[in-house]
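Please read it alongside the structure.

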Amino acid sequence: FLYDLSTQELLLQQRASTKITFPNVWTNTCCSHPLHGMDVNEVDAPEDVMDGTVKGVKAAAVRKLEHELGIPVGQLPMDSFKFLTRLHYWAADTVTHGEKSPWGENEVDYVLFVTVLNKDKITIEPHVDEVDDVCWVTKAKLFEMFADKDLLFSPWFRIIANRWMISSGEETGKGGWWDDLDRTMNTNEFCDYESIHRFDPQEEHLGGGGNAGPLFGVGK
C-alpha cells in the first residue's frame, strides 16, 4: 500500500482485463508474491516474521512494484516498507467465471505500507499485461468508489480496508491505519507479527467448483 504523504492519498491499481483471476478489479497498489530461488532472497524465516523485518517479502514487493507498475528499483528502498500483520483469506472468482468457477485464491498475505513525500518523486509506468489503470485516492474518494456498484474490488483489498485501514476504531480503539500514517509508519502500535488473521470472503465469492462455504466464520 503506497501513500503520498503530501495529500494522504493511496495508490490503487485496476488489475488487467486479461488476468485469469480477478480481472478488472480495483485493488491495493501491488501484491508481492515472494518466490523461492531469487537472486535476492524472498523467503523469510519465522524469526524474520517475529521481529518484523521480513526482508524477503519486502524484496519481493520491490520486484513486483517494478514488474507491475514500472516503479524503478531504488525509488522505494526496502527499509522504507512497514510490515503490519498477516492475513489468511480465500475467495472463489465466481464474479468472473460463474458460480462453479475453478479459479480462486487461498493464501496468506503480508500487509506492507510504504510512503513517499510526494507522488511526483516516483515513476509509474504500468505493465499492460498486469495493470489497466491506476489512480490516487483519498479516503473520501475510496468510500465513493466502494459505493459505486459498477466498480469491482478485490476481496482481499476490501477485507484489509474495512478491517484495518479505514476502521472506525471500535475494535482497537486506535482508529484506522490510514487515519494517522505517521503513527502507523513510525510506531509499532498497529503491528501484530504473531497472528495470522483469518477471513472468509464476501458472499459473492463463496462457492466455486468446490462449493466452498465459510471456513473461518469471520468476513468483511
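Tryptophan 164 and phenylalanine 199 are both buried. The model is predicted. Aromatic pairs number 14 across the whole structure.

**Aromatic pairs**
- Tyrosine 3 and tryptophan 178 form an edge-to-face pair, because their planes stand at 65°, over the 60 degrees required. Their ring centres are 5.4 Å apart.
- This pair links distant parts of the chain, 175 residues apart. Tyrosine 3 is in strand β1 (residues 2–4), and tryptophan 178 is in the loop between α5 and α6 (181–186).
- Tyrosine 3 has 0% relative accessibility, so it counts as buried. Tryptophan 178, at 1%, also counts as buried.
- Tryptophan 164 and phenylalanine 199 are edge-to-face too, with planes at 85° and centres 5.7 Å apart.
- Here the partners are 35 residues apart: tryptophan 164 sits in helix α5, phenylalanine 199 in strand β7 (residues 196–199).
- One aromatic cluster includes Tyr3, Trp164, Trp178 and Phe199; among its other members are Phe1, Phe113 and Phe157.

**Helix α5**
- Helix α5 spans residues 155–165 and is mostly covered, with 10 of its 11 residues buried.
- The buried set includes Trp156, Phe157 and Trp164, and also Arg158 and Arg163.

**Lysines**
- Lysine 19 lies in the loop between β2 (9–15) and β3 (26–27).
- Its side chain makes a polar contact with the side chain of glutamate 130, at 2.8 Å.
- Beyond residues up to four places away in sequence, lysine 19 touches Asp129 and Glu130.
- Lysine 119 places its charged end over the ring of tryptophan 136, 5.2 Å from the ring centre.

Conventions. Residues numbered from 1 in each chain as written. Predicted model: local features only at pLDDT ≥ 70, side-chain atom pairs only at ≥ 80, totals over all residues. Heavy atoms only, no water. Helix = DSSP H or I, 4+ residues; strand = E, 2+ residues; numbered from the N terminus. Polar contact = N/O pair within 3.5 Å; in protein donor to acceptor, adjacent residues only side chain to side chain. Contact = heavy atoms within 4.5 Å. Buried < 20%, exposed > 50% of the residue type's maximum accessible area, 1.4 Å probe, protein only. Phe/Tyr/Trp six-rings, centres within 6.5 Å; stacked < 30°, edge-to-face > 60°. Lys NZ or Arg CZ within 6 Å of the ring centre and 35° of its normal.
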